[in-house]
Amino acid sequence: MSDAAAPIILTALFGAPDQAFFDAQRRAFFPAERNQLDAHLTMFHHLPPGSADEVRHRLVQETRGVPAPAARVAGVISLGRGVAYRIDSPGLAAIRGRLAEAFHGLLTPQDQAGWRAHVTVQNKVTPAEAKATLAQLQAGFAARPVTIAGLAAWWYRGGPWEPLSRHMFG
């Protein structure tokens, strides 16, 4: 799929230790045959391919010389057929709000809906397996800070995502 047809996905990037933690959790709990991506925090699922230049421009504005927003892993949540870690970050939510305003009229219904920041570590399993994983992760859970290191844009062509741009805070 060409750049002209590939939608754009926006994510927040974690610091290396937090990325390693979430990736390990994803390898442990995500069905191996479906686990094509590193752990990620999706901010927008589908921006039009023609918005690539504007996406890069907006991400530069939100990150260049800007301190990273404070964030924390705040809980473990059920996705019905999967499990995720809930991320609390008013600063990241404010960035997403500004980006949503900038891309108003281009957002899909999914991206127009309320945003619940999370990192999926299990998906597409039976409800019973998801319930067991949720109980296991909740039993050992303690809220802790997490580093949001930057923002990234990705091309989606039906398989693993392809990098479009990365923008680090500070």
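User: Happy to dig in! Arg96 lies over the face of which ring, and at what distance from the ring centre?

Analyst: Good place to start, and please keep in mind that this is a predicted model. A charge counts as sitting over a ring if CZ of Arg is within 6 Å of the ring centre and within 35 degrees of the ring normal. Arg96 lies over the face of Phe44, and the distance from the ring centre is 4.2 Å.

User: And which ring does Arg26 lie over?

Analyst: Here the distance from the ring centre is 4.1 Å. The ring whose face Arg26 covers is that of Phe30.

User: How is the aromatic pair of Trp154 and Trp161 arranged: stacked, edge-to-face or tilted?

Analyst: A search of the whole structure finds six aromatic pairs. In the pair of Trp154 and Trp161, the centres are 6.0 Å apart and the planes make an angle of 55°. Planes under 30 degrees apart would count as stacked and over 60 as edge-to-face, so with 55° this pair is tilted.

User: Are Trp154 and Trp161 buried or exposed?

Analyst: The cut-off for buried is under 20% relative accessible area. Trp154 has 18% relative accessibility, and Trp161 has 17%. Both values fall under the cut-off, so Trp154 and Trp161 are buried.

User: Which residues do ring pairs link into a cluster?

Analyst: One of them, Phe14, is also a residue of β1, where its side chain points the same way as Ile8, Leu10 and Ala12. The cluster linked by ring pairs consists of Phe14, Phe21, Phe22, Tyr85 and Phe141.

User: How many residues of strand β1 are buried?

Analyst: Ile8, Leu10, Ala12 and Phe14 point one way, while Ile9, Thr11 and Leu13 point the other way, and all are buried. Strand β1 covers residues 8–14 and is largely enclosed by the rest of the structure, because the buried count is seven of the seven.

User: Which strands are joined to β1 by bridges, and how do they run?

Analyst: Four bridges join β1 to β2 (residues 41–47), where Thr11 has Thr42 as its bridge partner. Seven bridges join β1 to β7 (residues 148–155), and Leu10 stands opposite Ala153 there. The strands are β2, antiparallel to β1, and β7, also antiparallel to β1.

User: Leaving aside neighbours within four places in sequence, which residues is Thr63 in contact with?

Analyst: Thr63 belongs to helix α2 (residues 52–63) and is buried at 2% relative accessibility. Beyond those sequence neighbours, its contacts are Leu151, His167, Met168, Phe169 and Gly170.

User: What is the phi of Lys124?

Analyst: Most residues other than glycine have a negative phi. Lys124, in the loop between β5 (118–122) and α5 (127–139), is not a glycine, yet its phi is positive, at about 60°.

Methods: Residues are numbered from 1 along each chain as its sequence is written. This is a predicted model: local features need pLDDT of at least 70, side-chain atom pairs count only at pLDDT 80 or more; totals for chains, interfaces and linings use all residues. Side-chain values use heavy atoms; hydrogens and water are left out. Helices (H or I, at least four residues) and strands (E, at least two) are DSSP runs, numbered from the N terminus. Rings of Phe, Tyr and Trp (its six-membered ring) pair if their centres lie within 6.5 Å; planes under 30 degrees apart count as stacked, over 60 as edge-to-face and the rest as tilted. Buried means under 20% relative accessible area, exposed over 50%, partly exposed in between (1.4 Å probe, protein chains only). Two strands pair if DSSP finds at least two bridges between them. Contact means heavy atoms within 4.5 Å.
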